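Q: I would like to learn how to read pockets, cores and helix faces from a set of coordinates. Could we work through one case together, feature by feature?

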Amino acid sequence: MQLRLSLVTLGVSDVARSRRFYEAMGLVASSASTKDVTFFQLGSVVLALFGRAALAADAGVSDSAPGFSGVALAWNVPSEQDVDAALAKAAASGGQIVKAGQKVFWGGYSGYFADPDGHVWAVLWFAQRG
């Protein structure tokens, strides 16, 4: 059996608030969404928003303090300008800029924002060289 990523679930403190943030970022909630869980189709992957305590209980683990979890989601965009535009949109939608867009050692351009619950997103562009 081949491992495939099909769904990413973010544990959030307020599903409605997080849904508003991601909708302000341009995502459209699936009709399968409810007040307790929201789904967004992102290409072949689904992003789900679920109550943090409920997600911990469902997994059978203790809920820990919010903060950096050692995971960053990534959003690849077509240009350096799109990195800056995406970061600006995140800030205008209620997110926090963690790191402004800048040239990076691996040859691209990237920056980071956090959603209202502190989930970190990298926004990046990389010029492929042939």
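A: Let us begin with the open space, keeping in mind that this is a predicted model. Rolling a probe the size of a water molecule over the atoms shows where empty space is left. Here the largest pocket has a volume of about 420 Å³.

Q: How many residues line the largest pocket, and which lie nearest its centre?

A: The lining is made up of 20 residues, and those nearest the centre of the pocket are Gly 11, Arg 52, Leu 55, Ser 69 and His 119. Two or more lining residues come from each of the elements β1 (7–12) and α2 (52–59), with α2 giving the most, four residues. Sorted by class, the lining holds 10 nonpolar, seven polar and three charged residues.

Q: Which residues of the largest nonpolar core touch the most other members?

A: In soluble globular proteins, nonpolar side chains tend to be buried together. The largest nonpolar core in this model has 22 residues, and those touching the most other members are Leu 10, Tyr 22, Leu 47, Val 83, Phe 113 and Val 123. At least two residues of this core are supplied by each of β1, α1 (15–24), β3 (45–51), α3 (80–92), β6 (108–114) and β7 (120–126), and α3 gives the most, with four. As for Val 83, its contacts beyond four places in sequence include Tyr 109, Val 123, Leu 124 and Trp 125.

Q: Which residues of α1 are buried, and what do they pack against?

A: The buried residues of α1 are Val 15, Ser 18, Phe 21 and Tyr 22. Viewed down the axis of α1, these residues fall within an arc of 125 degrees, so they line one face of the helix. The buried residues of α1 pack against β1, β2, β3, α3, β6 and β7.

Q: Why does Thr 38 count as buried?

A: Thr 38, found in strand β2 (residues 37–42), counts as buried because its relative accessibility is 0%. Beyond four places in sequence, Thr 38 touches Val 15, Arg 19, Ala 29, Ser 33, Leu 47, Ala 48 and Leu 49.

Technical notes. Residues are numbered from 1 along each chain as its sequence is written. This is a predicted model: local features need pLDDT of at least 70, side-chain atom pairs count only at pLDDT 80 or more; totals for chains, interfaces and linings use all residues. Side-chain values use heavy atoms; hydrogens and water are left out. On a 1 Å grid over the protein atoms alone, a cavity is a set of points where a 1.4 Å probe fits but cannot get out, and a pocket is an open set with protein on both sides within 12 Å along at least five of seven lines; lining residues have an atom within 4 Å of a point. Grid points are joined across faces, edges and corners, and a volume is the space filled by probe spheres set on the points. Ala, Val, Leu, Ile, Met, Phe, Trp, Tyr, Cys and Pro count as nonpolar, Asp, Glu, Lys and Arg as charged, and the others, Gly among them, as polar. Buried means under 20% relative accessible area, exposed over 50%, partly exposed in between (1.4 Å probe, protein chains only). Contact means heavy atoms within 4.5 Å. A nonpolar core is a set of buried Ala, Val, Leu, Ile, Met, Phe, Trp, Tyr and Cys residues joined through side-chain atoms within 4.5 Å. The arc is that of the directions from the helix axis to the C-beta atoms.
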